[in-house]
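Student: I'd like to learn how to read a structure like this one, feature by feature. Can we go through it together?

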Amino acid sequence: MKKYLLAIIILYASELRAQNIVRGQVINAADNTPLRGATITIKETKITTTSDEQGDFIITAKGDTGTLVVSFVGFHTYQLKFSPISKGPFTIHLRDDASSLNEVMVIGYGTTTKRLNTGNVGKVTADDISKQPVSNPLAALEGRVPGLVVTQSSGVNGSGFSVQLRGQNSLIQGSDPLFIIDNVPYSPGNSPLNQLTSAAGSGSSASDGISPFSLIDPSDIESIDILKDADATAIYGSRGANGVILITTKKGKAGKTVIGANVYTGMGRVTRTMNMLGTQQYLQMRREGFANDGITPDASSAPDLFLWDTTRYTDFKKLLIGNTAHTTDAQLSLSGGNDNTQFLIGGGYHRQTTVFPTDLGDNRASVHFNLNHNSTDKRLTVNLNAIYSSNVNNLPASDLTGYINTAPNFKLYDASGKLNWQEGGVSYLSLGLFNANPLSFENQSYTGKFQNLSTNLQLIYKVLPDLSLKVSMGYNMVTSDEVSLYPSTSLDPNLGALPFSNFANQSQKSWIIEPQAEYIKKIGAGKLDVLIGNTWQDNTSSGILVSANNYSSDLLLGSISASGLTYSSNLFNQYRYDGTYGRINYNLSGKYILNLSGRRDGSSRFGPDKRFSNFGAIGTAWIFSEENFIKDKLPFLSFGKLRGSYGMTGNDQIGNYKYLDTWTPGTATYQGVSVLNPTSLYNPSYSWEKNRKAEIGLDLGFFKDRLLVSGDYFNNRSNNQLVNYTLPSQTGFSSVLENLNALVQNTGWELQINSKNINSGSFTWSTAFNITIPNNKLLAFPGLATSSYANTFVIGQPLSTLKLYHYVGVDPNTGIYRFEGEDQNGNLTTADRTVLKNTDPKFYGGLQNTFRYKRVELSVFLEFKKQNGFNYLNTLGGNVPGYSYYNQPVIALSAWQKPGDKTNIERFTSTPGDTYNAASNYLIGSDAIISDASYIRLKNLSLSYNLPNAWLSKLHITSSRLYLQGENLFTITKYVGADPENQNMYILPPLKTITLGIQLTL
């Protein structure tokens, strides 16, 4: 017995000697911060562990010697040998992988890397987003992705963004990309949230209303992937015709529990505006207008000259939009877990006021939750995501920028301190000024309450080593509740109108279920990946709009039942979608890649016989840098890939029920019974618009991927266009929505360059540049000349092309605008619209430079765009200088004054006549309103400093970063107007924002 016991002790001691503990820490070489979640593997035995939040790791080796392999996404892999005399603790510095070729990219129903991707996918990371003080994730995309044009409609909090990927594909139907958040389609897409008019707009279009993405907290996002070509989008079938934007939220990571906090505060002011005339300049303009017309003004024709105080001056631009907007943002998160289970819980709060003269603003609170679990045998994976946000918007019911042209000697308050509506015994209403006092908004109120809930559950079970079954289930609900109150104290008493209110609510609910099966098998020198799945989706929206009028008291405005008269309407839409999809990917030797994808779609938006259609694509890639003859002949070429794709997608962004007979209740009655009026005709052949996409691309890497160049050419053609087909008047309808063999083409070149200019230990300098040269063209439109679109579209020209009169200048003798084709009376006809102008950008892109020196990082991002746009003259329609009681920008002082003057602004006028007609009828329909609107904008600047670990360790803080950020800091442009992005001096321009913040990790 003693012998056996001794043998066991000897064997146990021997085993202990064979076990070797290796320790170390993994840190970022650029800023000396710990890297949590780095993978450490013993090369010989495949034993693996990960680093904790301090970057520390402990791994047990079975022998005295071996090799540690340390890797982290986005960093170069590092190998280190250990021995009996050298077992650590090691300090391992990982350097950035400048190429980012191995960075994970999210694609349709899967992931890949830039190295192995056959399609064209753009990417904006959480790091890119974190450097921008934006409250809407769409704002973080501006200028950063080739082929993607994102335009902010207004500087009002929560306002919308128009998003267009590789041009306009449809003549009159929707051209928005498909937006997916954590595998769940975002139910409102990019459609505005509001039904009632607010300062952000009326809600009539994506660029005129409250953006649904104002409900998404940018700090919750891990990445935004933009799918462009057929190879990337065809697996989404009809929904991917205009591209797909995939938003992936942050996930928990294995390691010790980590608390993260981020707080910033800042202020914003308007960017580029136009200076308005002072009181004396305004009065001189008015007097000159009367003199030009040969009229002697008096108190009746010009009360602003005789009855109003001519020494009074109010700078309405400063009063209404010259204030400071304040921003506060706070984020708190808790994350951690082990190899089997990871979690993340986060919460955020964002408040932003406005430059309007009010302390009210936009408030958002959000919660984000993620749980990921892997069974011990790694066969079952469960992933649960949920985001919830609540937004309360208390901004005015209208954009006060529209009032900056109020006459500078306008009287705002009467002697009792109430809002003023007349002066000198003459009411403003009698002068044609409807609700003229811009400060009436102080007594009005708009409250919009919006909520978003999005959840996704994924279950993955590995049935066999090569076969996995998966189901993804998602639910999204977006609700709105709006109230606008207009008390008597905000209404012009001369109107004789009683107080009124507007109420609206809407609910958009969407669920989606997608079962999948994926088979991955190594076959010879290659790997086969086969995916098949199905989609069931239901999207339902309902809402009510109530206009309540004739209240007897302002105190009752919140009650619908207390109104004297109400008008109401409701809406209900249901969209159902079914699709079967599949993908076959084969990678041979890491050099030759083939990707086949297809989908059969069914949509409730089309006629019974046209609801299903097939879509598909083929993508190929040849990584020629892996060929021996390339390695031998071109050693400086570290990476080279030639790729191409071709396929077809569809477009079902055409609204619901368009193929059906529709009827609308009328206000009239027949024999006491309410009538129904027909509003559209039945069209059973109503079908898909089809988009065929072709692309070829070249990706190159030089000098060990320190310089990466990617170039693409694309050709997209969309036909079977849905347009309003003209009908004989005998049918009772002017048109019916019909498929027409019209053909729209979008072609373009995209170039992207990423370089690591300097990478010397303590100092690095990297550059990212992208540029897109697009070309949109209408190739065919049968019967265009006789259709209702004859004056809208031009064959061979972009869809944005305008047919305009040709402006020849201001007549130096008469001082009146002149146009080519005028008859002897100065009149023009539609046939005289002979000039073609388009407002599509000629090219656009962005340039970012990032500098790091030890713990300091500076990032500078410039956005640029070459384009024509609508200038100041486009706003002169009913606002002719000198006419009526509206102020003008200082530029109006260059107007014609005497024979021989050469200028581009006609003489002032005070009455209807030839001068007035030339400006109000013809100028805004001429090429005079189109001019260069190109610009270069310092879109973003970020300066940060990582505090030394020695300072933080005593406080038990893992890392801390101080940062200063700026957005829209300055603009270089020759644009004649306010801001060249939204191109309207009566809409609030984007805000110039500066913030200061601190980020902590505990």
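Student: In S9, which residue is the bridge partner of Met 105?

Tutor: First, some ground rules: this is a predicted model, where local features need pLDDT of at least 70, side-chain atom pairs count only at pLDDT 80 or more, and totals for chains, interfaces and linings use all residues. Residues are numbered from 1 along each chain as its sequence is written, and side-chain values use heavy atoms, with hydrogens and water left out. Now the idea: strands of a sheet pair through backbone hydrogen bonds, either parallel or antiparallel. Strands here are DSSP runs of E with at least two residues, helices are runs of H or I with at least four, and both are numbered from the N terminus. Two strands pair if DSSP finds at least two bridges between them. Your answer is Thr 112, the partner of Met 105 in S9.

Student: How many bridges join S8 to S9?

Tutor: There are 4, between S8 (residues 104–107) and S9 (residues 110–113), and the two strands run antiparallel. They make a hairpin with 2 residues between them, and in that turn Tyr 109 has a positive phi of about 60°.

Student: What is the order of the strands in the open sheet?

Tutor: Its 5 strands go S10-S15-S16-S13-S14, with mixed pairing. At the edges sit S10 (121–125) and S14 (184–185), each pairing on one side only. For a parallel case, take S13 (residues 178–181) and S16 (residues 244–249), joined by 4 bridges; Ile 181 has Ile 247 as its bridge partner in S16.

Student: Now a helix. Which residues of H4 are buried?

Tutor: An α-helix has 3.6 residues a turn, so residues three or four places apart point the same way. Buried means under 20% relative accessible area, exposed over 50%, and partly exposed in between, using a 1.4 Å probe and protein chains only. In H4 the buried ones are Thr 279, Tyr 282, Leu 283, Met 285, Arg 286, Glu 288, Gly 289, Phe 290 and Asn 292. Helix H5 (303–306) is included in what covers them. After H4 comes Gly 294, with a positive phi near 70°.

Student: Is Ser 501 buried or exposed?

Tutor: Buried, with a relative accessible area of 0%. Ser 501 lies in strand S26 (residues 500–523). Beyond its neighbours within four places in sequence, Ser 501 has contacts (heavy atoms within 4.5 Å) that include Val 546, Tyr 551 and Leu 557. A polar atom of the Ser 501 side chain lies 2.8 Å from the backbone oxygen of Leu 557.

Student: How many aromatic pairs does a search of the whole structure find?

Tutor: It finds 26. Rings of Phe, Tyr and Trp (its six-membered ring) pair if their centres lie within 6.5 Å; planes under 30 degrees apart count as stacked, over 60 as edge-to-face, and the rest as tilted. Tyr 807 and Tyr 817 are edge-to-face, 5.9 Å centre to centre with 65° between the planes. Tyr 807 is in S41 (residues 807–810) and Tyr 817 in S42 (residues 817–819), so this pair ties together parts 10 residues apart in sequence. Both tyrosines, Tyr 807 and Tyr 817, are buried.

Student: Which residues do ring pairs link into a cluster?

Tutor: Tyr 805, Tyr 807, Tyr 817, Phe 819 and Tyr 922.

Note on methods. A polar contact is a pair of N or O atoms within 3.5 Å; within protein, one must be able to donate a hydrogen and the other to accept it, and residues adjacent in sequence count only if both atoms are side-chain atoms.
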